[in-house]
Amino acid sequence: MNIGQLEAALGMTRANIRFYEKEGLLSPTRSENGYRDYTGSDLDTLRRIKLLRQLQFSLEDIRAMQTGALDLPAALRQQEARLQRQADDLDAARALCRTMEADGVQYRDLNAGKYLEEMVRLEQDGIRFQSVERDALPTVNHPWRRFFARSLDFSLCRLLLDAVLAWVFGHCGRRADVGPADGLSYLGRSIPVGASAAEHLGIYPGQVAFRSGRPERRRGQAHLFPGLWAAVRPIWAGRGLGHPLLCALPQL
């Protein structure tokens, strides 16, 4: 059977089944095309795992029972004792809640030290309350490992960026007869303002602002798309990319 049929038969999710496979509690066979093929034995195994997990058995206990290192009756007795200890702990917590309720305490005038002392006394008798140690930021171990790991991630991302930019700006600096200002001149032609200025003034603003050659006075209809093409055409041919700003992009 496939994993969909297994999900329907057990009421478990695909993520549950994959998790137990990763933990080594389930080992399905694979067909010739590489897909997992679950058998009736796998179905029984998952039923056992589901039952024991819902009884709060640990994965280690289930793994030990599968290998024969732990006997089921002994495991049941141990689990019953653990559950009884948990029940005693919960009973003590409920009793302390009832005591605080009977005292009529409010949060702003709560004398926490009084009840913490009572908890310490109960813990000496074997009662375990929930610890606050879990309420902490994760400890950073081996910071130098994290530093080199992040450096490697950064280097790989930069390598990818350099490859893309090198492909985009592959013609950078190939034309020695094109000055640095030509790049900005060509870019100036590509904006609508440039097309409008060419239409009404007969000149391109990039040529005037960066003095890249003699301004061309060509009055007439110069709309947006001719202005854009006037910029794209020389850049497509590899011109105008010798500007230091453009050449510096691959080094970012």
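Predicted model: local features only at pLDDT ≥ 70, side-chain atom pairs only at ≥ 80, totals over all residues.
Local features are reported where pLDDT is at least 70, side-chain atom pairs count only at pLDDT 80 or more, and totals for chains, interfaces and linings use all residues. Residues are numbered from 1 along each chain as its sequence is written, and side-chain values use heavy atoms, with hydrogens and water left out.

Leaving aside residues up to four places away in sequence, I62 is in contact (heavy atoms within 4.5 Å) with L25, I49, L52, R53 and F57.

Helix α3 (residues 40-54) also holds D42. This residue is buried (under 20% relative accessible area, with exposed meaning over 50% and partly exposed in between, using a 1.4 Å probe and protein chains only).

Elsewhere, charged partners do meet. The structure contains 11 salt bridges, each a side-chain nitrogen of Lys or Arg within 4 Å of a carboxyl oxygen of Asp or Glu. In one of them, the closest N and O atoms of E21 and R18 are 3.7 Å apart. These two residues are about one helical turn from each other, because they sit three residues apart in helix α2. E21 counts as buried because its relative accessibility is 15%, whereas R18, at 30%, is partly exposed. Together with R36, R18 and E21 are linked in a salt-bridge network.

Another salt bridge pairs D89 with R128, again with closest N and O atoms 3.7 Å apart. This pair connects distant parts of the chain, 39 residues apart: D89 is in helix α5 (residues 72-103), and R128 is in the loop between α6 (112-124) and α7.

On the surface, W144, F147 and F148 make up a nonpolar patch with about 390 Å² of accessible area together. Patch residues have over 30% relative accessible area and no salt bridge, like charges being joined within 9 Å and nonpolar side chains (Val, Leu, Ile, Met, Phe, Trp, Tyr) within 5 Å; areas follow the Shrake-Rupley method with a 1.4 Å probe, and for residues only the protein chains shown count as cover. W144 lies in helix α7 (residues 143-168) and counts as exposed because its relative accessibility is 51%.

Technical notes: Helix = DSSP H or I, 4+ residues; strand = E, 2+ residues; numbered from the N terminus.
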